[in-house]
Amino acid sequence: MSIQDEIDYIFRGTTLGYLGSIYPRIGLTSTTTDPVVATLFATTASRHGHAVVYIIPVAKLAGRLRDNRGSNRLAELEGEIVVDESPDEIAAKARAVEVGTAKAELERLGAVFPLNIYNLADLNDALRLTKRLSREEIRAFVRAVEGQPG
Amino acid sequence: MNRSDLKAFHVNGFVEGEAFQVIGRCGDSAIRVGDVFSIACRYQSRERLEDFANPPTLLDSNPVSLRVQEIRAYGRILGEIGPGMTGSLVLAGTGAERIVPGTILEMNAAVPATA
């Protein structure tokens, strides 16, 4: 079964316009199958700029996705999918959602987020303690944010 | 682009082998081969999402001198690991015995001089 049979979207939590420090040079970008994970990363990044969650339909990235979830415990925890494109190429194919909007819609779907993420250990614990969404919940999340002004 | 002047790496586990190799996540600033970690901190882990209302509790902080000899991520050997990336670091030096899963290794990054 290919990734495209299993998931409809991938997500990336970052700050608007951030190109990454190393991704452009190796031509790979890390994303996740779950918007809760992307929202945690965007929340963490928000102290550096305008935090967003990118939503990218996998249909736009056919043949360019690598399932990295089985590579180590962290990648499994993050639902990591690596894309053979740079962050700006991915951003051009994505819909950007404000981190606050993403968080509010996910909370409506029952997700619970930590009040603060203070350091790297907190990010790891937040990834461990938060619930992952089902495919149907993810579709509901995307429908909800698509109904919002972009 | 450096996001912060503090370089940090959260250790999640170890790779078995002859070299001392840790798996984890890079913090806000890229870590490069040749960088030297100088502090190993450990915080009390959170058990519930409600616990995040309070700042983390520092359990201990110890001096180390661990040089980054090799970086691996995405099945490649790299010269640096960027913010938020997961990967493994081969480290050499003193203080490795202090490192356990959950440890945050830190070093001060170079801050450009200003006029």
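A:Glu85 is buried in this predicted model, at 6% relative accessibility (buried means under 20% relative accessible area, exposed over 50%, and partly exposed in between, with a 1.4 Å probe and protein chains only). The side chain of A:Glu85 meets that of A:Lys93 in a salt bridge, at 2.6 Å from N to O; a salt bridge is a side-chain nitrogen of Lys or Arg within 4 Å of a carboxyl oxygen of Asp or Glu. A:Lys93 is partly exposed, with a relative accessible area of 25%. The model is a prediction in which local features need pLDDT of at least 70 and side-chain atom pairs count only at pLDDT 80 or more, while totals for chains, interfaces and linings use all residues. Residues are numbered from 1 along each chain as its sequence is written, chains are lettered from A and ligands numbered from 1 in the order in which they are written, and side-chain values use heavy atoms, with hydrogens and water left out.

By this rule, 19 salt bridges are counted over all chains. Another of them joins A:Arg139 to A:Glu136, with the closest N and O atoms 2.6 Å apart. Both residues lie in helix α8 (residues 135-146) of chain A, three residues apart, about one turn of the helix; helices (H or I, at least four residues) and strands (E, at least two) are DSSP runs numbered from the N terminus. An α-helix has 3.6 residues a turn, so residues three or four places apart point the same way. A:Arg139 is partly exposed at 29% relative accessibility, and A:Glu136 is partly exposed at 46%. The two residues belong to a network of salt bridges that also links A:Asp8 and A:Arg135.

Between the chains, 38 residues of chain A are in contact with 36 residues of chain B (contact means heavy atoms within 4.5 Å). The area buried between chain A and chain B is about 3,200 Å², of which carbon and sulfur atoms give 58%; buried area is the accessible area (1.4 Å probe) that two parts lose on being put together, summed over both. A:Tyr18, A:Leu74 and A:Leu120 supply 19% of the area that chain A buries against chain B, more than any other three residues.

Three salt bridges are found across this interface. One of them pairs the side chains of A:Glu78 and B:Arg25 at 2.3 Å, N to O. The pair runs from strand β2 of chain B to helix α4 of chain A, and both residues are buried.

Strand β2 (residues 20-26) of chain B, which holds B:Arg25, has six of its seven residues buried. Strand β1 (residues 6-15) of chain B pairs with β2(B) in the antiparallel sense over six bridges (two strands pair if DSSP finds at least two bridges between them). Within this pairing, B:Phe14 has B:Val22 as its bridge partner. The two strands form a hairpin with four residues between them, and B:Gly17 in the turn has a positive phi of about 160°. β2(B) is also joined by six bridges to strand β8 (residues 86-94) of chain B, running antiparallel, and there B:Phe20 is partnered by B:Leu91.
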